[in-house]
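Please keep the sequence and the structure in view while reading.

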Amino acid sequence: MTAFGIDLGTTNSCLAYIDESGRPAVVRNSIGENTTPSVVYFERRDSVVIGSAAANAALLAPELAVRHVKRRMGRKDVDFHFHGTRYTPETISALILKELAAAAERRLGRPVRDVVITVPAYFGVAEREATRRAGEIAGLDVLDVLAEPVAAALSHQHGHPAGSPRHLLVYDLGGGTFDTTVIRVDGDDVNVVCTGGDRDLGGADWDARIRAFLLEEFTARHPRLDPTADEQFMQELWIMAEQLKKELSSARSRRRNLRFAGATVQVELTRERLEELTADLLQRTLKITEDTIDRARRQGVAGFDEVVLVGGMTRMPAVASRLEGLLAKDGPADGMPRRHEPDLAVAQGAALFALIKQVQQEDDGPDGRDGPDGRDERVADRLGISAEQAESMRSRNVTTVVPRGFGVKVIDEHDPLAATDPMRARFFVVHLLPADTPLPADSGPVVFGTVLDNQPMLEVEVWEQTRPDGTEELADNTMIGRGMLRGLPPRLPRKTPIEITFHMSETGRLSVHAVEPRSGREVRFDLQIGGMDKAAVADAKAAVARHDTTS
Ligand code: AMP
């Protein structure tokens, strides 16, 4: 059974597998493209269109289309309504996944079921769970979700002979998200050292600046005309902005005609002007990169052997040149930015990881117990790969880190209000698992105390840092789940010890355990984030299955 890697991107998505020759290969979609625009168009109640056709249809009826849904993943407060049906970000993503899988099934003539889906490295627990659920709703078995930079590093490493340990800096600027990650590759081991990013920063922000510029140019010449209320004009402007941006990666200057209400304005945009209009956006990515490099340095990473550029936006010449400038500040950089098939590398790396997972899972199965004799052959046979490949996949070790700190909300006992009026006292977050801890991670029991005398129960609130460099202040964290430790024995004095343990699995699932050690009263919970229970997933699955998708 072949496993597939899926890059579920903000603007484009891509599916890959390991072909008969053992190399990762991208599967073209139904109209022969390597990548499929992540656009969903709700044509009729039971019919959706996905990909380029959806992007075209959206030009005429933008109110029936969803773009950039990845930016909304993990948000409980976001939904979409079309033809009387409600869709969550997960269901919209599921429609994209289903279309990619269906197209690959038609092209390869084999089922697509086991998949690894990539996510930005700094995606928190909620976004990862939402991505996993999107796969489930699409009827896929999600072997794992994998950080995009790790996928890029895996695909980069593939075909590079193992040598001395190398450090890579992955700079990934996509359509809607930015992340930057330091990775150590040592033989078969690929380890994330640290990671940073911004989920709301990407190509679409560049497009928005260009669109505003075009609009200003138009209204400067025709101050009495207001095209902003015309959805179609605005949608066309959006497309024009993105095209201009792409063309200016190779051309120095471009002209366009803007037509509205009988008026025409010719606008020129030069690469220099584009760089000025968006200088602060690029600067934000550099600042995050610099902070991430600083964190890596504190963990002993002295320099980089290679800088890998991923994501369509890194085709902009300004990205590589500013990044070179940043790295050169610390003396001559060994590795200069090198683009690495920005559109396809992530899906290919995910396909490699899917195969690694499969081989390792096969080992855990009944055959694993027979001892290693002939094991590679059996696994290879079942997965349709060579025994050498099976052996090499078995020894691969991919570790990632806790993307941001996770902790519990506690009361500041130095605040005098803590004893008299606890609700008004200062609260802060103690991070039990700090950012960059290697996964799987276990905090071990950390001792906290009850706040009041005779406290009958205790609420454990789990908070997640919103930025990797965030502090313990509540404002830098967000509440992601809670559990109640009930039935504490009577007459407990305040400050009775309560032990809390966090465990995060390799795949980023967080389990929490809180116990009052003397009575043994305890509570355990896994973070069920996003609030979609099994029944809701089943409903969403049925709703997605009903759609006859055509791309
Ligand atoms: P991704 O999410 O990695 O597919 O990145 C897509 C983003 O890259 C979109 O914002 C595209 O507009 C942008 N992009 C693609 N090609 C180019 C190019 N040649 N120059 C600048 N940006 C590009």
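The largest cavity has a volume of about 70 Å³, and this value, like the others here, comes from a predicted model. Rolling a probe the size of a water molecule over the atoms shows where empty space is left. When the whole structure is searched, four cavities of 30 Å³ or more are found.

The residues that line the largest cavity include L8, G9, S38, V69, K70 and M73, and S93, I96, T118, V119, F123 and T131 are also among them. Two elements, α2 (89–108) and β10 (114–119), each supply at least two residues of this lining. Sorted by class, the lining is made up as the table shows.

| Class in the lining of the largest cavity | Number of residues |
|---|---|
| nonpolar | six residues |
| polar | five residues |

Where in the chain does T466 lie? T466 is found in the loop that joins β24 (458–465) and β25 (477–485). T466 counts as partly exposed because its relative accessibility is 38%, a value between the limits of 20% for buried and 50% for exposed. Leaving aside residues up to four places away in sequence, T466 touches R404, A475, D476, N477 and T478. With D476 there is a further detail, as the side chain of T466 reaches the backbone oxygen of D476 at 2.8 Å.

Technical notes
Residues numbered from 1 in each chain as written. Predicted model: local features only at pLDDT ≥ 70, side-chain atom pairs only at ≥ 80, totals over all residues. Heavy atoms only, no water. Helix = DSSP H or I, 4+ residues; strand = E, 2+ residues; numbered from the N terminus. Buried < 20%, exposed > 50% of the residue type's maximum accessible area, 1.4 Å probe, protein only. Contact = heavy atoms within 4.5 Å. Polar contact = N/O pair within 3.5 Å; in protein donor to acceptor, adjacent residues only side chain to side chain. 1 Å grid on protein atoms, 1.4 Å probe; cavity = no way out; pocket = protein on both sides within 12 Å on 5 of 7 lines; lining within 4 Å. Points joined across faces, edges and corners; volume = space filled by probe spheres on them. Nonpolar A, V, L, I, M, F, W, Y, C, P; charged D, E, K, R; others polar.
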